[in-house]
Amino acid sequence: MPAEPLDPVALRVAARSQRKSMGRLTRLVRASMSLVWQAGPRSFVALASLQVVSAIALALQVLAVQWVLSAVLADDLRADFSSVLAPVTLLAVLSATGAVAGALQSQLQRLLGEMVARTMWTRVLRVATGVDLRHFESPEFYDHLNRVQTNAVARPYQVTQGVLSMAGAGAAGVGLSIALASVSPLLLVLVLVGGVPLLLTSRRESRLEFAFSVGQTPVLRERAYLAMIQTGREEAQEVRAFGLGSWLGERFDALYDRYLGDLRRHAVRRTLLSLVGQLGSAVVLGGTLLFLVWLVARGTIDVAGAGAAIIAIRMLASQVQSVFRGVQLIFESGLFLDDLDAFLAMGAPALEGTSGPQAPSGFDTIRVDDVRFRYPGAEVEALRGIDLEVHAGEIVALVGENGSGKTTLAKLLAGLYRPDGGRIEWDGTDTTTFAPASLRERVSVTFQDFVRYAFSATENITVGRAGAESSPDEVRAAARAAGAEQLLDDLPQGFATRLSRLFTGGTDLSGGQWQRVALARSFFRDAPLVILDEPTAALDPRAEHELFATLRDVLDGRTALFISHRFSTVRGADRIFVLEGGRVVEQGTHAELMSARGLYADLYRLQADTDVAGGPAQA
Ligand code: ADP
């Protein structure tokens, strides 16, 4: 069962029902520690060791202080100054050790944090590039992705850091506790009780933080989108042409104001909560010190003991706070980690994409049988019972008005979506039984809105078969087939030129030139089924003519299905399917369809009539 992105309400309900059980705590800690361990085992061990060194140094300082005080208060100090030298030196060495360990720790933490982030990013990106395309139709998916990117990625490390500092604080705490208990066991009990108020408020704080994050994600995403339009290269010209700068700026400001207002309220609530906890602790600490004074007054402990006890109490109180803060951090992260787990779980079906029977290397017939499809969240079906057949080696065209379902059918044939009903068969075998990745490998699809990668021209072509071995000759041949060879040779660094001005030395291409590169990418893929969605929309008439004149040679026996609004190219297809309202309403050769005088003939004449410069089109 693939995990669906949770909606914010469900998340908040889940957060509320979280219990601070020991089982959950240990599970979170174990999962996080193992993640951090995988990311950087050596740094992890080094960090843990430093933590222990710091803890021991801290606990020993209390004993050293007591030793110093005893030496100072001894009667014969004036006579023998050397008796304080040893304890003072020890104290200095111990505090220097603590300082050095602390400095090392902070740099190591930074390094290890980055290593864990790398591991997490890799996982998150693998899911993002692998999940079913359907997820990209859902705003909840984007919210989830955004939360994971901004919050959850760093959490495993935070938990581990929390655990390490808790362990350090715990170790130091044990030493300090022994030191303090040797002065007065009751003092120890009081210090520990001082941590309880913090523990009580921490759970509420964790939930507040998570709820705030979930609640803000959509607003943050919208703000990021507004910033992107104002800074994006593609948008820059339109933003100027329409003078959108200040209008977009105001929307951005309004969203930021709203966020800041919410953040202020959230900060106040968190501060109040933490104040309650801190005040509670402070009251208990004050009581503890008063009790200590009472013990001294009664003569139960001497002045050196009292001095050491005061230091131990201060240190222990801060260690107790550290431990409880660590617990709080772990629980707070726990909610984000659950969120992360749910996200990563979505990647499991993607991994299954490579398992199962492999699609055959080719086909004789592709049969589309009563195929239905509805986009997630859409009211009506985009495909309402499509039937068609394509034979190996054919060049077929899909025509139809906007929204008739051509692109959707192309996506289904390419294995990007599964039909909701009906079957797509390759030689009688339902394609949904093939490992999805293997089916996609057998199809080369170029969409209208193909991606213009800010990579080199060569890479823009080889992404068609990413990861596979390829020779410059093959790349050149694909470019030649798409009519792109000359134009790429003419670039400043030829095929090595980066096709974007985003980076130094890059250059950009015109729409038609880009389309040729996209075609080259598609030919380079070398798949038995080639799908081209509006392959010539941006090409000039000469380029389009040349492309189709050579298409059969280029395809070299492969099957092609193309979508086009240009009847001059469509008429050259072996067979034409006319779509209307998600169904195939006519099919045949150009001549057959013209004589049938149906929708195709209407559309054809309409274009011929408006094609003033092109002269009368021949039926
Ligand atoms: P065509 O390629 O023939 O112009 P499409 O296949 O793109 O048509 O679209 C078919 C129908 O599906 C249209 O009604 C369109 O509004 C709808 N549609 C297309 N893409 C999506 C989407 N991502 N989500 C929801 N509906 C969509």
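This is a predicted model: local features need pLDDT of at least 70, side-chain atom pairs count only at pLDDT 80 or more; totals for chains, interfaces and linings use all residues.

## The open antiparallel sheet

Four strands form an open sheet in the order β2-β1-β4-β5, and their pairing is antiparallel. At the edges are β2 (383-391) and β5 (429-430), each of which pairs on one side only. Helix α13 (residues 406-413) packs on this sheet, where it touches β1 (365-373), β2 and β4. The direction of α13 makes about 120° with that of β1.

Seven bridges connect β1 and β2 in the antiparallel sense, and Val 371 stands opposite Ile 386 of β2. Between β1 and β4 there are five bridges, again antiparallel; here Arg 372 has Gly 421 in β4 as its bridge partner. Strand β4 (residues 421-426) is joined to β5 by two bridges, with the two strands running antiparallel. Glu 425 has Asp 430 in β5 as its bridge partner.

Strand β3 spans residues 395-400, and six of its six residues are buried, so the strand is largely enclosed by the rest of the structure. Ile 395, Ala 397 and Val 399 point one way from β3, while Val 396, Leu 398 and Gly 400 point the other way. The residues on both sides are all buried.

β3 pairs in the parallel sense with two strands, β8 and β9. With β8 (residues 559-563) the pairing runs over four bridges, and Val 396 stands opposite Leu 561 in β8. With β9 (residues 575-580) there are five bridges, and Gly 400 stands opposite Leu 579 in β9.

## A buried loop residue

Ser 456 sits in the loop between β6 (443-446) and α15 (457-462). Is this serine, Ser 456, buried or exposed? Its relative accessibility is 12%, so Ser 456 counts as buried, the cut-off being under 20%.

Leaving aside residues up to four places away in sequence, Ser 456 touches Phe 495, Ala 496, Thr 497, Arg 498 and Leu 499.

Definitions and conventions: Residues are numbered from 1 along each chain as its sequence is written. Side-chain values use heavy atoms; hydrogens and water are left out. Two strands pair if DSSP finds at least two bridges between them. Contact means heavy atoms within 4.5 Å. Axes are lines fitted to C-alpha atoms, for helices over the stretch in contact, and angles run from 0 to 180 degrees between N-to-C directions. Buried means under 20% relative accessible area, exposed over 50%, partly exposed in between (1.4 Å probe, protein chains only).
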